[in-house]
Structure formats: structure tokens, C-alpha cells
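Work through the exercises below with the sequence and the 3D structure open. Each task is followed by a solution in steps.

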Amino acid sequence: MKLRGPILLVGTLDTKGEEILYLRERLLAAGAEPLVIDVGVLDPAPFGPDVSREEIARRAGTSLAQLLAARDRGRAVAAMERGLAAWIRERHAARPVAGVLAIGGSAGTTIATTAMRELPVGVPKLMVSTLASGNTRPYVGTSDIAMMYSVADFTGLNRLTRTILGNAANAMLGMCGLPVETGGEQQRPLAAATMFGVTTPCVNQLKQLLEKEGFELLVFHATGTGGQAMEQLIRDGFIRGVLDITTTELADELAGGILSAGPHRLEAAGLAGVPQVVSVGALDMVNFGPLDSVPERFRSRKLYQHNPTVTLMRTTAEENAQLGRIIAEKLNASRGPVALFLPLKGVSAIDAPGQPFHDTEADQALFEAIRTSVGSNVKLVEVDAHINDPAFAARVAAEFLNITGGTHDA
């Protein structure tokens, strides 16, 4: 098997040595080049790794002796986390790796996935973890890490763990060694868009319009991690232009909803100078879980059960005015071309006449705050249409093509 480089095999050899050795043998038998990295700090390793725990500790600015003397497990895990991330980042920059395969419990998963997130999207990353059947967001983040549940804990080899580890080795070999036909699509310029269920018609129309013009559109669900993933790809230089139609994550950040993308949402494209068309999709709502999970202080607000697991809260005029100022401030700092579109007849499928979140006063507070706060570098376009009307999508697409070097005018 001819790979672009070694497969990094990461684990705490003092507690997972037998399993790591088994994986190493499976990879070697298939013709791959495994490079074993030890991130353990307790007992001696049962065999010599290719990259020692001492080396990883040095990359963290400490020494294994200091970590052992401190007798602080949390400190040791944090150090190995930093050290492995630094080692992998530098190694891949100098000589690309084929992929990363790791096994671990809570500490091993934290250490390995932190390092995996240093690698670009597309480099295979597989984490076999005892935590993979729970909430994996802290480990995956905005990366393309694949998580495999170990089913049983790693306490040596047995019939079950051999099966799981064998599958993991085969999965990594497949990801690293089998070519994927792309049909030349990678040559098309990439655009990124944000979407929610309540803005889907708009984004679907944009997809059709832009694909006819030669763009490939990546659509991100505005669920917090969706916005973060899009902005990471912008920072990594993958994206030619942005259609940030659904900026609803800002409302969750402001009001305390569960789908916030953090305080720096809507900043990556501006800082990178990437052309962007922005709108105010789904700023009429803040997201919570089931109805009984809505905080007590919001129980008297206008609530709407989107489905049994999602409850929406209507943003107020005051919140909308604040959101308008936040958006203007972020876009005013943009280093590249930016246009901001206002759909004057509603910002989501449920913000239209007769729909549960229709609130003209709240929408007008949003629009007016934007009008009075936006800078001269931002092209403000007001469209007398609902966000999901075909006429709105047509105007947005035309402006996007205009600012990214297309031939259309808005």
C-alpha cells in the first residue's frame, strides 16, 4: 500500500500498550507505515514507541520528570495535549502524514482529538473512544474527526476488542489508501452558505442559481458548530465567497440559546477579506431544547414548539435592535467587499403574516438599527420581499456574483 506518509498511531502506552501494539501489527501487515506516539505519563511503556512521551512533554515546554514529580493528572493531560498538538502541527507542515488513528478513554481522547484538530480537513482522523456514544462536540469541534465507540473499555485484548480494533485499522487504511473519485468538482470555486429549516427555500434557490454560474456551494446548518465549521474553512482559505443568509446563531449568543457559535461569529470572512453577502435569516428566534428545558425566566415569552426536541423563542424588539448593531459593527470591520440584505417582509418561514413569529415592530427594530449603524464600506440592500421569496434569492445571487467577479449586477 502506497500512502502519502505515515499513519500516526496515538495512545497512552502505559495503559493501552497491548491495544496499540495490536493496531500497529494490523497496519504493518497491510503495508502501511505506522508511527507510534506515546502520550502516557504513568508507568513504563511495554515497548518502544517511535515518538516518546519525553519528546511530547518537551514540545509542551516541560519535561516528563516535572510532570511525574507534580503528581497532578490534570496538569499532565493538559501538557501532553499541548505537546502532541504542537508535534503533529509541525510534523505535518514539514512532511505530510497519511492520517491519525488514536484510542483512549477520557484523557486519551482529549489529548488525541486536540491534536487531530490541528490537521486540515481531509486528512483522515479516527478516534476510537469509550466516550464516542455520548456528546462528542468537545472532541470533534469543527473538524472532520470520525469517532468510533469502543463498546468495551480498553483493558487488554479479547474477542470484542480485537474486533473493534481490527475494524478501526481497516477503516483507517481505507480512508488513507483508497482514492475517492471527485469528478473534477474540486476545480470549481467554493462558496459557503448558512441555512436553517426556516430559510431552506432561500438557500436552495441560491444553490441552483450559483451552480449554474460554476460555483460549488457548501451549506452549513446554523446550529452553532455549523457556523464555527464554516468560519474555520474560511480561515483555512477554502472559501471563495460567503452567503451568510442565516445569522441566527448571533441571537442564541445574545439571549442564551443553545445554538450559539460564540462571540466571534460573523468575523472570519471580514478578517480574511473574503467577499460576503450577509442577511438576517432566522434572527426572529432563539433555540432551546424540549419545552420543559426552556429557562424559567423565558417561560412568559412567545414560544413555539418547532418539534418535540426544539423550542423556539421569539426575539423582542429590544433584542433585535441590539442584534442589528452587533451585525453592523462586525461588518464595518470587514477588509473585503460586503453586502447586507434586508428582507423587509420577514426573516424566516414563521416570520410572515399569519405565522406565529410575525412581529413587524421587532423586525423594524432590527432593520432600523442596521440602517443607522452600518458603515460606508457595507452595501446595504433592502428588498421588499420575504427571505424565502424567489425575488430575494435572485437579488442576493446577483450581488454575490458581482462582488466575487461575476458578470451580474444586483
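**Exercise 1. Two phenylalanines**

Task: Decide whether Phe-341 and Phe-392 are buried or exposed, and classify the pair that their rings form.

Solution. In this predicted model, Phe-341 and Phe-392 are both buried. Next, take the geometry of the rings: the centres of Phe-341 and Phe-392 are 6.1 Å apart and the planes stand at 85 degrees, so the pair is edge-to-face. The cut-off used in this step is an angle over 60 degrees.

**Exercise 2. A second aromatic pair**

Task: State how many aromatic pairs the structure holds, then describe the one made by Tyr-304 and Phe-357.

Solution. The number of aromatic pairs is four. For Tyr-304 and Phe-357, the ring centres lie 6.2 Å apart and the planes are at 65 degrees, so this pair is edge-to-face. Tyr-304 sits in strand E11 (residues 303–307), whereas Phe-357 is in the loop between E13 and H13. The separation is 53 residues, and the pair links distant parts of the chain. Now compare the accessibilities with the 20% limit for buried residues. Tyr-304 has a relative accessible area of 29% and is therefore partly exposed. Phe-357 has 0% relative accessibility, so Phe-357 counts as buried.

**Exercise 3. A charge over a ring**

Task: Find which residue lies over the face of Tyr-22.

Solution. The residue is Arg-26, at 4.8 Å from the centre of the Tyr-22 ring.

**Exercise 4. The surroundings of helix H12**

Task: Compare the span of helix H12 with the expected value, then list what its buried residues pack against.

Solution. Helix H12 covers residues 317–332, which is 16 residues. From first C-alpha to last, H12 reaches 22 Å, close to the 22 Å expected at 1.5 Å a residue. Among the buried residues of H12 are Leu-323, Gly-324, Ile-327, Ala-328 and Leu-331. Buried positions in H12 also include Glu-319, Asn-320 and Lys-330. The packing partners of the buried residues include two helices, H10 (249–255) and H13 (360–373). Strands E9 (276–279), E12 (310–314), E13 (338–343) and E14 (378–383) are also packed against by the buried residues of H12.

**Exercise 5. Strand E10**

Task: Determine whether the faces of strand E10 are covered or open, and in which sense E10 pairs with E12.

Solution. Strand E10 spans residues 285–288. One side carries Met-285 and Asn-287, the other Val-286 and Phe-288. All four of these residues are buried, so both faces are covered. E10 pairs with E12 in the antiparallel sense, over four bridges. Within this pairing, Asn-287 is opposite Leu-312 of E12.

**Exercise 6. A network of salt bridges**

Task: Give the number of salt bridges, and work out which residues are linked with Glu-55 in a network.

Solution. The count is 18 salt bridges. Start with Arg-58 and Glu-55, whose side chains meet at 2.8 Å, N to O. These two are three residues apart in helix H2 (residues 53–59), which means a separation of about one helical turn. Glu-55 has 19% relative accessibility and so counts as buried. Next comes the salt bridge of Glu-90 with Arg-59, where the closest N and O atoms are 2.4 Å apart. Glu-90 is in helix H4 (residues 73–94) and Arg-59 in helix H2, 31 residues apart. Both ends are partly exposed: Glu-90 has a relative accessible area of 42%, and Arg-59 one of 32%. Together, Glu-55, Arg-58, Arg-59 and Glu-90 are linked in a network of salt bridges.

Note on methods. Residues numbered from 1 in each chain as written. Predicted model: local features only at pLDDT ≥ 70, side-chain atom pairs only at ≥ 80, totals over all residues. Heavy atoms only, no water. Expected span 1.5 Å × (residues − 1). Buried < 20%, exposed > 50% of the residue type's maximum accessible area, 1.4 Å probe, protein only. Contact = heavy atoms within 4.5 Å. Phe/Tyr/Trp six-rings, centres within 6.5 Å; stacked < 30°, edge-to-face > 60°. Lys NZ or Arg CZ within 6 Å of the ring centre and 35° of its normal. Pairing = 2+ DSSP bridges. Salt bridge = Lys/Arg side-chain N within 4 Å of Asp/Glu carboxyl O.
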